[in-house]
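Dear colleague,

I am handing over the structure below, and after it you will find my notes on what was found. Please read them with the structure open beside you.

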Amino acid sequence: MFSLADITNKLARHSFNRYEKDAVISYYRRWSMLNDIERSRRSRSNQENIPPILKLPPEVLDRCWRFLERLDLLQVPRVCRVFWLTSRYRIFRSLTIDLSPESPPEPERRTGFGFKRTKRNEKTLEPAGFRITSFYSSLRARELWDMVQSWTLIAEPTFKENLTLPGQDWQGLVQMMAMQSFYEVFQFLPRSCNLRTLEIVALDLGREHCVTLQSLPALETLKLIGCFFPSSCHFQHPLKLKELSIIGSFSRLPVDRCLVLVLCNPAHLEKLTLTHFFVSHTVLSALASMEDFPRLTCLNIAIKSRCRGHFFKFLGAIPSLAILRILPWSANITPDRPLPALSLFRSYCGYPDLLSYIVPGRPVDSVTLVLRVATTPEDGGLTNAYAIHTDVIPTLIDISRSAVPVRSLRIECFLPTLYRLTTIANRLPGLRRLDLKIITASSQFNSEDITTMSDPTFKTCDSNPFEPLDTIQGLLSWFAAGFAPLPPKLETLRLSYSSRLLNGLQRVEGIEKQDTICSLHSRYPSLREVEIGPRYWWREGAHWSLRQETP
């Protein structure tokens, strides 16, 4: 198609008079206008044929992709270009590289420290490393490099002990191939300049890894799961981590103090998770000797009895601590002297003995009470014994002495009695969320006992307030009939079992409870959610809906 200027030039080279030239130009103008109208009509027709989902704003589509599972999300870019442009950020924001091959059958393969068993073999190592190498070697993918914010690297665990295993030569060869692929992959980390989260599983940290970690300018979160730590520190300066997790390891070597100083930067650290018993003593000793951590607000920790002094000294160096979680297999420790003010402290998870020192007088509004307490073995062994803490009433009174109303309470290994339930309702009237992990009083029931205890007219506790109730169905019947009280402002109620269920109990608990839930709501109008094992009820207005998870 020629433009008007082209036609004018062509006409100038012919012997047309002025009137003929004006007629040709006028005809072309009318034809061009009609052509533009036709193109506009076709464009509007094409817009009308576009599927409605493609007309949504990109931010709406991005919000839709966040609800998809990882495998489903990977299929989205294959639909069309719009889906590719709106989903690629979520796809490439997090990368997981699993280079752990599966060894031949072994008597007992250790899989309990965070890394998972895979079905991969030595033939999958090359494709995994090759795909990452291709991704970071292509200049056309440079735009995608900056989208990567999270890496998860899973290596093959190498055991330092001299173990004699069947097929040991084959295993050594596979581990060598895995580590070689891991080194090749690790070198591409600095190319993602926006990398903020790095999770490393089952790796023997060396000098090359330390150098690479220091070259990540945006790194904020580092999770070391089942890793071996170097005997000496290879870092040149402290990292600026906001979150650090050291979880499990086979290594029994102490962590170098300089390494702790590098990883735990007091000026930046906000969350610390330490569940590594073999190095916790060394780490807590180093942390107790450092300056205050003004930004540290969340502490998840497993404590042995010999770390007791270092832990409480470190606790005094965290003025902004808001969340403290003592892991259930920790030692049951108490302080020798008053604890620091902790004016911002608001959430506690741990044993009852420490709770009585840390909750009263502080603004704690969320409590998780673990009644299965670890006790030091009498024979001096390494394995702790466990016992159920039965003196619950004084602990509930200590919880009620918080400086603010407690809004959330969770109790693990709870044996329900009328006295305990009444104490919760009377002492914690502002409770919004109650989560009880029930244990049974006896190990044997016959079908008649279970049916009788599930009957709402069963009033054994009226005659004996310390008589326990063992079934969730019976407990719900108590609540619905008014035999046992709940906090008046309760919004969420969760009931589940802490121990293994009997077959008879499972059959009784399988009956529908819709009428019971409605009766419960009539007594407690604020109730909005009820979760009982795999069943979850939620309320919209006056209507209750049920969702049941399949095992």
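C307 is buried, with a relative accessible area of 1%, and C413 is buried as well, at 12%; here buried means under 20% relative accessible area, exposed means over 50%, and partly exposed lies in between, for a 1.4 Å probe and with protein chains only. A disulfide is a covalent bond between the sulfur atoms of two cysteines. With a disulfide taken as a pair of cysteine sulfur atoms within 2.5 Å, the count comes to zero disulfides.

Before going further, please keep in mind that this is a predicted model, in which local features need pLDDT of at least 70 and side-chain atom pairs count only at pLDDT 80 or more, while totals for chains, interfaces and linings use all residues. Residues are numbered from 1 along each chain as its sequence is written, and side-chain values use heavy atoms, with hydrogens and water left out.

Strands (E, at least two residues) and helices (H or I, at least four residues) are DSSP runs, numbered from the N terminus. L342, which is not a glycine either, has a positive phi of about 50°; L342 sits in the loop between β8 and β9 and counts as buried, at 3% relative accessibility.

Next come the strands and their pairing, where two strands are said to pair if DSSP finds at least two bridges between them. Is strand β10 enclosed or open? Five of the five residues of β10 (residues 366–370) are buried, so this strand is largely enclosed by the rest of the structure. In a regular strand the side chains alternate between the two faces of the sheet. In β10, S366, T368 and V370 point one way, V367 and L369 point the other way, and all are buried.

Strand β10 pairs with β9 in the parallel sense over four bridges, and within this pairing T368 of β10 is the bridge partner of C349. Together with helix α13 (residues 352–358), β9 and β10 make a right-handed β-α-β unit; right-handed means that, with the strands pointing away from the viewer, the path from the first strand over the helix to the second runs clockwise. Strand β10 is also joined to β13 by five bridges, and these two run parallel, with V370 standing opposite E412 in β13.

Strand β5 (residues 243–247) has four of its five residues buried, so β5 too is largely enclosed by the rest of the structure. Five bridges join β5 to strand β4 (residues 221–225) in a parallel arrangement, where E243 in β5 is the bridge partner of T221. Four bridges join β5 to strand β6 (residues 271–274), again running parallel, and there T273 in β6 is the bridge partner of S245.

Now to the charged side chains. Side chains of opposite charge can pair when their charged atoms come close. If a salt bridge is taken as a side-chain nitrogen of Lys or Arg within 4 Å of a carboxyl oxygen of Asp or Glu, the count comes to 10 salt bridges. One of them is between D336 and R308, at 2.3 Å from N to O. D336 lies in the loop between β8 (323–326) and β9 (347–350) and R308 in helix α12 (residues 308–315), so the pair ties together parts that are 28 residues apart in sequence. D336 is exposed, with a relative accessible area of 68%, whereas R308 is partly exposed, at 25%.

R410 forms a salt bridge with E412, the closest N and O atoms being 3.7 Å apart, and R410 itself is partly exposed at 31% relative accessibility. R410 also meets D435 in a salt bridge of 3.7 Å, N to O. That pair links distant parts of the chain, with R410 in strand β13 (residues 408–414) and D435 in strand β14 (residues 433–438), 25 residues apart. D435 counts as buried, at 6% relative accessibility. Salt bridges that share partners join R410, E412, D435, R494 and E531 into one network.

With kind regards
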